[in-house]
Amino acid sequence: MGYSNEMPSAYTAEDGKPTGWVNDITLAVLKKMGYEKIEPVETEWGGLIPGLSAGRFNIITGGMFILSPRCENVTFSEPIYRMGDAFLVPAGNPKGLFNYENVRDTGDMMVTGAGYANIANAKASGVDAAKIMEVPGPTEILAAMQAGRADVGAGTPVMVKQLADSSGGKLEPTDSAAMPKNTFNWGALAFTKADQDFVDEFNKALKEYLGSEQMLSAVAKYGYNKDWLPGDAKTEWICANR
């Protein structure tokens, strides 16, 4: 399975084993299906879909948002979570940057990961493409903010909180509730189009596991709680509406 280094959703532990809440959910579902010999492949976010297409791995486990352009290239499982966007800002948020419209109006520089949904969300809100810095992933987002090369970092709430927690109090996350409602999205696991039969079986096992006491207990250490559960939305509808 392939993923980028995105703490706490998907990353490689010091012992070389895949960890994080998305990886843990995936491994638990695969185990229910009888698969226990899993090889992790860590790569940059922008290399996930190309890597899947090239056969470097069989599953993308980074918790990728289900978006219509992506649905054209991969087959998504049913969603495993629902989440909005959030910002990483200097402590105290001195510039008052809570949503993309604020960034548009101030003309400040925003940094986010290459291929992240935040790019399209920012552009849809009128943010100038020249004011969006694209970097490989969270480590580089944090570095850009700490070096003052960007005024605001964009990602998921769980990612920006982790980055803020590692900044020694110099940075803080914003509340995703301040973002436009259409930036809230559903994340899932991605497979090749040729693996539809496998995805169908995976979804059956996922349905039994997702939201169970066993699952919620296993991922609670990462911050996953009932509020993250995807609700009733189905991948077919999400692909057509996101």
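Reader: Which element gives the most to the lining of the largest cavity?

Author: That is strand β5, with four residues. This is a predicted model, in which local features need pLDDT of at least 70 and side-chain atom pairs count only at pLDDT 80 or more, while totals for chains, interfaces and linings use all residues. Residues are numbered from 1 along each chain as its sequence is written, and side-chain values use heavy atoms, with hydrogens and water left out.

Reader: What makes the space a cavity?

Author: On a 1 Å grid over the protein atoms alone, a 1.4 Å probe fits at its points but cannot get out.

Reader: Which residues lie nearest the centre of the largest cavity?

Author: Glu6, Trp45, Gly63, Tyr81 and Thr156, out of 21 lining residues, each with an atom within 4 Å of a point. By class, the lining has 13 nonpolar, six polar and two charged residues; Gly counts as polar and Glu as charged.

Reader: Why are β9 and β10 called paired?

Author: Pairing needs at least two DSSP bridges, and four join β9 (residues 110-113) to β10, so these parallel strands qualify. One of the bridges links Thr112 to Glu134 in β10. Strands here are DSSP E runs of at least two residues, numbered from the N terminus.

Reader: What makes the sheet with β9 and β10 open-ended?

Author: Its order is β10-β9-β11-β8-β12, with mixed pairing. β10 (132-135) and β12 (171-173) each have a single partner strand, so one side of each lacks a neighbour in the sheet.

Terms used
On a 1 Å grid over the protein atoms alone, a cavity is a set of points where a 1.4 Å probe fits but cannot get out, and a pocket is an open set with protein on both sides within 12 Å along at least five of seven lines; lining residues have an atom within 4 Å of a point.
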